[in-house]
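Q: Please take a close look at the sheet in this protein. I would like to know how it is built and what surrounds it.

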Amino acid sequence: SASHHISTTSHPETMATTKEEDVQMMLVCKTHLGTRNVDYRMKRYVFRRTVDGIHIIHLGKTWEKLMVAARMIVAIENPNDIIVASQRPYGSRAVLKFSQYTGANPLAGRWTPGTLTNQITQKYLEPRLLIVTDPRTDNQALKEASYASIPVIALCDTDSPLENVDVAIPANNKGKESIALLYWLLAREVQYLRGSLPRSQAWDVMVDSFFWRDPEELMAQEEMDQGYGQDWGAQQQPQQQQWDGAATSGNWDDMTTAAAGDASWDAPAAGGGDDWSAPAAGQAGQGGW
């Protein structure tokens with residue numbers, strides 16, 4: 001790990017600039033916005049409280065804890081021994097992308113109970129490290145990690161319970177942009193520390209690829225793309241002619257005159273009137289029922 005240490009300290013000025021830039025990105029992704037509630041163990045990470053009661057997270061501390069987490073991840077020789085879990089849909093894509101770039105083992109979606117404790121199950125795993133997106137939704141994973149003595153890194157909001165969490169990364173874990181950015185920063189730092197990406201070079205992967213995409217949003221996007229694929233001009237031209245034709249042929253006038261002339265509107269009404277009154281008239285006039 002000495003080489004890693006040298007690689008970090010040999011570019012202090014690049015580190016400083018990345019910290020500034022990272023904090024800027026965190027602000028854009030609303031990573032600093034906590035919740036109205038605060039857990040007493042998370043108070044140390046809260047910078048201040050806004051007028052409307054929302055706790056603001058100290059992003060300097062968030063960044064430092066990301067660096068600590070990255071060092072823990074790098075310390076594990078076989079990256080496949082790291083489980084990254086997210087039961088919350090917003091974190092599912094970020095978890096998969098993070099695992100793609102770091103070699104970790106993603107468990108997005110439902111956590112099968114017994115994954116870390118029940119040896120008989122098909123999915124039984126014995127990881128060296130667990131990373132979770134939210135200690136509250138992933139509490140089954142945390143509980144099992146505590147039984148199996150597995151260290152845990154967690155993205156923790158101001159109201160997150162810190163039981164069984166070893167390294168808390170204080171951040172907004174509710175928004176999809178925030179979750180994506182945190183995993184992106186973590187993946188980038190891991191690559192810097194491993195030396196697979198030089199610090200002098202920016203990571204060319206965009207944060208957007210970590211964002212969770214709503215299936216409905218994707219459908220709408222596909223429809224839009226298909227629509228734009230066709231020639232708009234050709235599509236619009238015949239419609240224009242039809243409307244003009246309709247206006248000039250006097251179809252509209254015919255309809256209005258018909259309505260005014262009592263030809264089509266009143267005829268059924270009159271007929272209806274006869275039908276309704278016929279039995280009444282029969283009863284009154286003839287009494288022959």
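A: Five strands form an open sheet in the order 4-3-5-6-7, with parallel pairing; strands pair if DSSP finds at least two bridges between them. At the edges are strand 4 (105-108) and strand 7 (167-170), each of which pairs on one side only. From one strand to the next the twist averages 15 degrees. Axes here are lines fitted to C-alpha atoms, for helices over the stretch in contact, and angles run from 0 to 180 degrees between N-to-C directions.

This is a predicted model, in which local features need pLDDT of at least 70, side-chain atom pairs count only at pLDDT 80 or more, and totals for chains, interfaces and linings use all residues. Residues are numbered from 1 along each chain as its sequence is written, and side-chain values use heavy atoms, with hydrogens and water left out.

Ile-153 has Val-167 in strand 7 as its bridge partner.

Two helices can be described against these strands. Helix 3 (residues 59-74) lies across strand 3 (82-86), strand 5 (129-132), strand 6 and strand 7, and runs at about 140 degrees to strand 7. Helix 4 (residues 89-102) also packs on the sheet, touching strand 3, strand 4 and strand 5, and its direction makes about 165 degrees with that of strand 3. Contact means heavy atoms within 4.5 Å.

The protein has 10 helices and seven strands. These are DSSP runs numbered from the N terminus, helices being H or I of at least four residues and strands E of at least two. Of the contacts with a separation of 6 or more, 57% are between residues 24 or more positions apart. Buried residues make up 39% of the 289 residues; buried means under 20% relative accessible area, with a 1.4 Å probe and protein chains only.

Leu-197 sits in the loop between helix 6 (176-194) and helix 7 (215-229). Not counting residues up to four places away in sequence, Leu-197 touches Arg-188, Gln-191, Tyr-192 and Trp-203.

Conventions:
Buried means under 20% relative accessible area, exposed over 50%, partly exposed in between (1.4 Å probe, protein chains only).
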